[in-house]
Amino acid sequence: MERRSVLKSAMAMAAVAAVGIPASTAFAQEKKYSIALIPGLTTDAFYITMRKGAQAAADALGVELVFQGGPEFNPVVQVPVLDAIIARKPSAILIAPTDTTQLVQPLRKANDAGIPVITVDTFIGTGKYQTGAGDADFPLSYIASDNVLGGRMAARALANAMGGEGKVYVSNVKPGISTTDQREEGFKAEMKEAFPKVAVLETQFNENDANKAASQLQAVFARNSDLKGVFGANLFSALGAGNGVQQAGQTGNIKVVAFDAPGSIVDNIKSGLVDVAIAQHPAEIGYYGVVSAFAHLTGQSIPVSIGTGFTVIDKTNVADPNVAKYIYSE
Ligand code: T6T
């Protein structure tokens, strides 16, 4: 070892000894834990932003963060990624499961191998964990937006933009995803309870493909020339629905409410194509995911669920820095 680094380590050990922490423990704690974050897909601004929050917590706590996922929001793609992560035996797994039922068995393997599992954004089973009921309650915690509430907020925003009446539909990904299922549920419940003059047409499922969502908008409009609004239940659904409205030459006539807030949606708010975006706080989800895993690994008990917030963005506040900070990173 070079003389200077010998001196440096000796000084570091002396400093550690001075505060009373055994040198071996203090050094061993450097990157003692490795936490894996498996997103729904890697190229989605929502998960890119979640990763940033997770990394901030990992840096603060001195743990390693491994971010690994697939290119599509699809259990067939996600399960092999999960298997590869389990084989690396991380200290804990944070995952956004891409299906409520199809990820139960694959995640059970992690749990059986002694790897604590926390789900972020989406859940498996009913999302009620640690209850002793059902076969999918083993994750320690669920950290996410309240998606039923988010759907209700979207319904209110859309109904108000439309003057409280007219035809709308939900542009959604596919059934079986906890988040987007719950947003649709909340949206429909709110319309039924609070806006009886709004007619909700059949949901269009786009498989997370914005181009498909855009064609579907045009097809629904072709069948319903009095279409007044669309709710894009996630980033790709909303982008696609907005593009469809523009391609149909209906900007401003068909109101668009978007779930999620990447830069492109914000541009669409500025141009008047999208009326309102409900921004989730994905960085918060990632941050508290890592903090919760660390707390568990170091012997603390953790909440079985943590709810993160929303920021409603429209033309009136989009330029406000306190709002703009919730626009997703790309
Ligand atoms: O809306 C988010 C996420 O909450 C949902 O589970 C899947 O879609 C997004 O990632 C946006 O594309």
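Is Asp260 buried or exposed? Asp260 is buried, with a relative accessible area of 3%; here buried means under 20% relative accessible area, exposed means over 50%, and partly exposed is what falls in between (1.4 Å probe, protein chains only). More on this residue follows below.

## About the model

This is a predicted model, in which local features need pLDDT of at least 70 and side-chain atom pairs count only at pLDDT 80 or more, while totals for chains, interfaces and linings use all residues. Residues are numbered from 1 along each chain as its sequence is written, and side-chain values use heavy atoms, with hydrogens and water left out.

## The protein as a whole

Let us start with the overall picture. The protein contains twelve helices and 13 strands. Both kinds of element are DSSP runs numbered from the N terminus: helices are H or I with at least four residues, and strands are E with at least two. The C-alpha trace spans about 80 × 45 × 30 Å along its principal axes.

Of the 330 residues, 52% count as buried. The protein exposes about 14500 Å², and carbon and sulfur atoms supply 53% of that area; accessible areas come from the Shrake-Rupley method with a 1.4 Å probe, and for residues only the protein chains shown count as cover. Among contacts between residues at least 6 apart in sequence, 73% join residues at least 24 apart, where contact means heavy atoms within 4.5 Å.

## A six-stranded sheet

Now to the strands. Six of them form an open sheet in the order β2-β1-β3-β4-β5-β12, with parallel pairing. Its edge strands are β2 (64-67) and β12 (305-308), each of which pairs on one side only. On average, neighbouring strands in this sheet are turned by 15° against each other, direction ignored. Two strands pair if DSSP finds at least two bridges between them.

Inside the sheet, β1 (residues 34-38) pairs with β3 (residues 92-95) in the parallel sense over four bridges, and Ile38 has Ile95 in β3 as its bridge partner. Helix α3 (residues 45-61) lies across β1, β2 and β4 (117-120), and runs at about 165° to β2. For such angles, axes are lines fitted to C-alpha atoms, for helices over the stretch in contact, and the values run from 0 to 180 degrees between N-to-C directions.

Ile143 has Ile306 in β12 as its bridge partner.

Ser292 belongs to helix α11 (residues 282-297). What does Ser292 touch, not counting residues up to four places away in sequence? It touches Ile118, Ile143, Ile302 and Ile306. Ser292 counts as buried because its relative accessible area is 4%.

## Two aspartates with positive phi

Asp260 sits in the loop between β10 (255-259) and α10 (263-271). Its phi is near 85°, a positive value in a residue other than glycine. Asp121 is placed in the loop between β4 and β5, and it has a phi near 70°, also positive in a residue other than glycine. With 4% relative accessibility, Asp121 counts as buried.

Ala159 is in helix α6 (residues 147-161) and counts as buried because its relative accessibility is 0%. Leaving aside neighbours within four places in sequence, Ala159 is in contact with Gly164, Met191, Phe195 and Val198. From C-alpha to C-alpha, Ala159 and Ile177 are 25 Å apart in space, and they are 18 residues apart in sequence.

Ser171 lies in strand β6 (residues 166-172) and is buried, with a relative accessible area of 0%. Beyond its neighbours within four places in sequence, the contacts of Ser171 include Gln204, Asn206, Ala213 and Val230. Lys212, in helix α8 (residues 210-223), is partly exposed, with a relative accessible area of 35%. Leaving aside neighbours within four places in sequence, Lys212 is in contact with Phe205, Asn206 and Glu207. Lys212 and Tyr169 are 43 residues apart in sequence and 15 Å apart in space, C-alpha to C-alpha.
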